[in-house]
Amino acid sequence: MILYHGSNYVVENPKLIPQNRFLDFGYGFYTTTNKAQAISFAEKVYKRKKVGSKQVSIYVVDEDKLFSECSVLKFDSPSEAWLDFVSDNRSGNYDGENFDVIYGPVANDDVYATFTLYQSGYLSKEQTLDALKIKKLYNQMVFATEKALSFLKYSGTVPEDEF
C-alpha cells in the first residue's frame with residue numbers, strides 16, 4: 001500500500017509529536033492513500049505556518065503485515081460508530097481503547113460544517129450520517145504508536161510540478 005503525508009517539510013522519519021489540537025482519530029501520524037488529499041493538506045499547512053515549503057512524503061507499508069501484527073481499528077464507511085469515535089476525539093473526550101493503527105474516512109474541511117452542526121446539537125446522528133453520505137470522503141490511516149510507525153518505509157516525495 002502507498003501512503004502520503006502532506007506537510008510543510010519532508011518527513012523521512014515519522015515521529016509521534018504531541019499535538020496542540022484534537023483530531024479525528026486522536027494522537028498519531030496521519031497519512032492517506034489519496035495523493036490529491038495529501039497535496040491539499042500540504043498547501044494548507046504551508047499557508048498556515050508560512051515556513052518551509054509544500055511537501056508530500058510518500059511511504060510504502062505492507063498492509064497485510066501491519067494489520068496482522070498491530071491492533072487496528074478500521075471503519076469501512078461513515079457509520080454511527082465512526083461518528084461517535086470522531087466526535088469524541090475532536091472534542092477531546094475519547095477514553096476508549098487505544099489502537100496502534102486507525103483507518104477510515106476523514107472528516108475533512110468539506111464536512112466540517114456538518115460536524116459542527118452535529119456537535120452543537122442541531123443535527124441528529126441520523127441527519128449527520130445522511131448528510132455525510134452525499135459528501136466525497138477520502139480516507140486516512142493514523143499510526144498511533146511507535147510499533148505501528150516501524151512499518152512505514154519512506155520512499156520519496158511527490159514532485160513539485162504535481163502541486
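What pattern does the protein follow when it is read along the sequence? In this predicted model, where local features need pLDDT of at least 70, side-chain atom pairs count only at pLDDT 80 or more, and totals for chains, interfaces and linings use all residues, the pattern is β-β-α-β-α-β-α-β-α-α-β-α-β. Residues are numbered from 1 along each chain as its sequence is written, and side-chain values use heavy atoms, with hydrogens and water left out.

The secondary structure comes to six helices and seven strands, taken as DSSP runs (helices H or I of at least four residues, strands E of at least two) and numbered from the N terminus. The radius of gyration of the protein is 16 Å, close to the 15 Å that the globule rule gives for 163 residues, so the protein is as compact as a globular protein of that length; this radius is taken over C-alpha atoms, and the rule is 2.2 Å times the number of residues to the power 0.38. Along its principal axes the C-alpha trace spans about 45 × 35 × 30 Å. Among contacts (heavy atoms within 4.5 Å) between residues at least 6 apart in sequence, 82% join residues at least 24 apart. Buried residues make up 43% of the 163 residues, where buried means under 20% relative accessible area, exposed over 50% and partly exposed in between, with a 1.4 Å probe and protein chains only.

Charged side chains come next. A salt bridge is a side-chain nitrogen of Lys or Arg within 4 Å of a carboxyl oxygen of Asp or Glu, and by this rule the count comes to five. One of them joins Lys 35 and Glu 162, with 2.7 Å from N to O. Lys 35 lies in helix α1 (residues 35–49) and Glu 162 in the segment after β7 (153–157), so this pair ties together parts that are 127 residues apart in sequence. Lys 35 is partly exposed at 31% relative accessibility, and Glu 162 is partly exposed at 38%.

Another salt bridge forms between Glu 80 and Lys 125, whose closest N and O atoms are 3.4 Å apart. This pair links distant parts of the chain, since Glu 80 is in helix α3 (residues 80–90) and Lys 125 in helix α5 (residues 125–133), 45 residues apart. Glu 80 and Lys 125 are also linked with Asp 84 in a network of salt bridges. In the salt bridge of Lys 74 with Asp 76, the closest N and O atoms are 4.0 Å apart; Lys 74 is partly exposed at 41%, whereas Asp 76 is exposed at 69%.

Where is empty space left? Rolling a probe the size of a water molecule over the atoms shows this. On a 1 Å grid over the protein atoms alone, a pocket is an open set of points where a 1.4 Å probe fits, with protein on both sides within 12 Å along at least five of seven lines, and lining residues have an atom within 4 Å of a point. About 1,300 Å³ of space lies in the largest pocket. Of its 40 lining residues, the closest to the centre are Arg 21, Leu 23, Tyr 30, Phe 41 and Val 45. The elements that give two or more residues to this lining are β1 (2–7), β2 (29–31), α1 and α4 (109–119), and the largest share, nine residues, comes from α1.

Key. Points joined across faces, edges and corners; volume = space filled by probe spheres on them.
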